[in-house]
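This briefing sets out selected features of the structure shown below, grouped by topic. Definitions are given where each term is first needed.

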Amino acid sequence: MENIRTKYEELLGFVPENIERRLQLAVFSEETDAIEVIEKYREQLIYNNPLDKKTQQLVHFALLIGGMHKEPAKLHAKGALKAGATVKELFGVCETAAITGGMPAFSMAVDCVFEAIENLA
């Protein structure tokens, strides 16, 4: 399970709480093999992808905003910053969200970016 935690730390800078719970439940239920398969699938799609990490994180952020999934969107806003995205690029995603998802999506995206940059200080 430590190898999985390490991958999240490399990508996001930390292990998200929901991932930690997933790993712990796998251990408690003695289903670590299932989690290993799920994580291998995820790893294949992320690390063997033609998009660089920054672009992937920006796309993840945008897609999650479009789906109005605030908590995971916040994680990927932080991940985008860690991968080298600028605040300007993240705000570009916010602006695009206003076109595709209206003001609720724009407002949620701004909240996510603000929290991500607030945690950097």
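A polar contact is a pair of N or O atoms within 3.5 Å; within protein, one must be able to donate a hydrogen and the other to accept it, and residues adjacent in sequence count only if both atoms are side-chain atoms. By that criterion, the side chain of Y47 reaches the backbone oxygen of K7 at 3.4 Å. This is a predicted model, in which local features need pLDDT of at least 70 and side-chain atom pairs count only at pLDDT 80 or more, while totals for chains, interfaces and linings use all residues. Residues are numbered from 1 along each chain as its sequence is written, and side-chain values use heavy atoms, with hydrogens and water left out.

- Y47 is found in helix 3; helices (H or I, at least four residues) and strands (E, at least two) are DSSP runs, numbered from the N terminus.
- Y47 counts as partly exposed at 25% relative accessibility; buried means under 20% relative accessible area, exposed over 50%, and partly exposed in between (1.4 Å probe, protein chains only).
- Contact means heavy atoms within 4.5 Å, and Y47 is in contact with K7, E10, L11 and K53 once its neighbours within four places in sequence are left aside.
- The C-alpha atoms of Y47 and L11 are separated by 10.0 Å, and the two residues are 36 residues apart along the chain.

**Helix 1 against helix 5**

- The axes of helix 1 (residues 2-12) and helix 5 come within 7 Å and cross at roughly 70°; axes are lines fitted to C-alpha atoms, for helices over the stretch in contact, and angles run from 0 to 180 degrees between N-to-C directions.
- Helix 1 and helix 5 are therefore roughly perpendicular to each other; angles under 35 degrees count as roughly parallel, over 145 as roughly antiparallel, 65 to 115 as roughly perpendicular and the rest as oblique.
- Helix 1 contributes E9, E10, L11 and L12 to the contact, and helix 5 contributes L75, G79 and K82.
- The residues of the contact of helix 1 with helix 5 divide into three nonpolar, one polar and three charged. In this grouping, Ala, Val, Leu, Ile, Met, Phe, Trp, Tyr, Cys and Pro count as nonpolar, Asp, Glu, Lys and Arg as charged, and the others, Gly among them, as polar.

**Helix 4 against helix 6**

- The axes of helix 4 and helix 6 come within 12 Å and cross at roughly 40°, which makes helix 4 oblique to helix 6.
- On the helix 4 side, the contact is made by K54, L58, F61, A62, L64 and I65, and on the helix 6 side by E89, L90, V93, A97, A105, M108, A109, C112 and V113.
- The residues of the contact of helix 4 with helix 6 divide into 13 nonpolar, no polar and two charged.

**Cysteines**

- The structure holds zero disulfides, a disulfide being a pair of cysteine sulfur atoms within 2.5 Å.
- C94 is in no disulfide, and the nearest cysteine sulfur, that of C112, is 8.0 Å away.
- C94 is buried, with a relative accessible area of 0%, and C112 is also buried, with a relative accessible area of 0%.

- K74 is placed in helix 5 (residues 70-82) and is buried, with a relative accessible area of 12%.
- The side chains of K74 and E71 are joined by a polar contact of 3.0 Å.
- Beyond its neighbours within four places in sequence, K74 is in contact with C112 and E115.
- Q56 is found in helix 4 (residues 53-66) and counts as buried at 3% relative accessibility.
- The side chain of Q56 reaches the backbone oxygen of L51 at 3.4 Å.
- Not counting residues up to four places away in sequence, Q56 touches L45, I46, N49 and L51.

**Loop residues with positive phi**

- E30 has a positive phi of about 60° although it is not a glycine.
- E30 lies in the loop between helix 2 (17-28) and helix 3 (32-47) and is exposed, with a relative accessible area of 70%.
- M68, also not a glycine, has a positive phi of about 60°.
- M68 lies in the loop between helix 4 and helix 5 and is partly exposed, with a relative accessible area of 41%.

**A98 in helix 6**

- A98 is found in helix 6 (residues 87-118) and counts as partly exposed at 23% relative accessibility.
- A98 and R42 are 56 residues apart along the chain, and their C-alpha atoms are separated by 29 Å.
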